[in-house]
Amino acid sequence: PKGIIMKQIEYTSEDAKILVEETVYKGFFEMKRYQAKYKLFDGGWSKVVSREMFERGHAVAVLPYDPITEEFVLIEQFRLGAMATSNKPWMIEVIAGMIEPGEDLDDVCHRESFEEAGISLTHLQKVMSYLSSPGGTTERLHIFMAKTDASLAHGVHGLDNESEDILVHRVKESKAREMLDEGKVDNAAAIIALQWFFLNKPKLLQSWK
């Protein structure tokens, strides 16, 4: 161990410095290389560290729920990144989409819900946000809950120009809980959104009245 810290330390972004920022790749996504240094817990400064960061922008994810039928609207689509570790790279997910510069988060939720599931939302409510993997990407994802009419959710959706092929599922609340317990939902946004719902359902439904 380096030693014992005798006082509480609360660092902020003011205690780190980006010295160099350069783009090393730009295609469908962007990769940047940063040289930075930051304060150490003993009060000194780190050496200059070089890190590549995956720059994919920021996103919203929305979990639509129908309190009358007690169903979620979830989607399923192929994900190339799942092939390395999953024998089924078609993921059960929540509706999600990237935020364009200057775009309102609520507008992204409504747009993506129509494009990916053909549904409309009411009582849209942001419940939390998180960093998806800050050791390798700057992406922040904003989680929303919303009320919907699940009876209108069906079919295959998505934009042809984005090669989307998205199957819509109506999933009973009890079934979704089973899928979580059995590991059949294994992507972060869906897990976090569903777990938040089950932890906060009474409070959420009360806010919709």
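## Aromatic cluster

Tyr65, Phe72, Phe197, Phe198 and Trp208 together make up one aromatic cluster in this predicted model. Across the whole structure, a search finds 10 aromatic pairs. In one of them, the ring centres of tyrosine 65 and tryptophan 208 are 6.5 Å apart and the ring planes stand at 35°, so this pair is classed as tilted.

In soluble globular proteins, nonpolar side chains tend to be buried together. Here the largest nonpolar core has 27 residues, and the members that touch the most others are Leu63, Phe72, Val94, Ile143, Met145, Leu194 and Phe197. At least two residues of this core come from each of β4 (59–66), β5, β8 (122–131), β9 (140–147), α2 (173–181) and α3. Helix α3 provides the largest share of the core, namely 9 residues. Another core, of 17 residues, lies apart from this one and includes Ala117, Ile119, Ala150 and Ala153.

The surroundings of methionine 145 can be described residue by residue. When neighbours within four places in sequence are left aside, methionine 145 is in contact with Val62, Leu63, His123, Leu124, Gln125, Val127, Ala193, Trp196, Phe197 and Leu204.

## Largest pocket

The largest pocket has a volume of about 1,800 Å³. Its lining comprises 48 residues, of which Phe28, Phe29, Arg56, Arg79 and Met98 are the closest to the centre. Two or more lining residues are given by each of the elements β3 (49–55), β5 (71–78), β6 (90–93), β7 (95–98), α1 (105–117) and α3 (188–208). Among these elements, α1 gives the most, with 4 residues. By residue class, the lining of the largest pocket divides into 20 nonpolar, 12 polar and 16 charged residues.

## Second largest pocket

About 410 Å³ of space is found in the second largest pocket. Its lining is formed by 13 residues, and those that lie nearest the centre are Ile18, Tyr34, Ala36, Arg51 and Met53. Strands β1 (16–26), β2 (30–38) and β3 each contribute at least two residues to this lining, and the largest share, 4 residues, is that of β2. The lining of the second largest pocket is made up of 8 nonpolar, 2 polar and 3 charged residues.

## Two individual positions

Isoleucine 166 is located in strand β11, which covers residues 166–172. Because its relative accessibility is 0%, isoleucine 166 counts as buried. Not counting residues up to four places away in sequence, isoleucine 166 touches Ile75, Glu76, Gln77, Glu116, Gly155, Val156, His157 and Gly158. Lysine 184 is 18 residues from isoleucine 166 in sequence, and the two are 17 Å apart in space, C-alpha to C-alpha.

Aspartate 149 lies in the loop between β9 and β10 (156–157). With a relative accessibility of 36%, aspartate 149 counts as partly exposed. Between aspartate 149 and alanine 59 there are 24 Å in space, C-alpha to C-alpha, for residues that are 90 apart in sequence.

## Overall architecture

The protein chain contains 3 helices and 11 strands, which, read along the sequence, follow the pattern β-β-β-β-β-β-β-α-β-β-β-β-α-α. The C-alpha trace spans about 60 × 40 × 35 Å along its principal axes. Of the 209 residues in the chain, 35% count as buried. Among contacts with a separation of 6 or more, residues 24 or more positions apart account for 55%.

Methods. Residues are numbered from 1 along each chain as its sequence is written. This is a predicted model: local features need pLDDT of at least 70, side-chain atom pairs count only at pLDDT 80 or more; totals for chains, interfaces and linings use all residues. Side-chain values use heavy atoms; hydrogens and water are left out. On a 1 Å grid over the protein atoms alone, a cavity is a set of points where a 1.4 Å probe fits but cannot get out, and a pocket is an open set with protein on both sides within 12 Å along at least five of seven lines; lining residues have an atom within 4 Å of a point. Grid points are joined across faces, edges and corners, and a volume is the space filled by probe spheres set on the points. Ala, Val, Leu, Ile, Met, Phe, Trp, Tyr, Cys and Pro count as nonpolar, Asp, Glu, Lys and Arg as charged, and the others, Gly among them, as polar. A nonpolar core is a set of buried Ala, Val, Leu, Ile, Met, Phe, Trp, Tyr and Cys residues joined through side-chain atoms within 4.5 Å. Buried means under 20% relative accessible area, exposed over 50%, partly exposed in between (1.4 Å probe, protein chains only). Contact means heavy atoms within 4.5 Å. Rings of Phe, Tyr and Trp (its six-membered ring) pair if their centres lie within 6.5 Å; planes under 30 degrees apart count as stacked, over 60 as edge-to-face and the rest as tilted.
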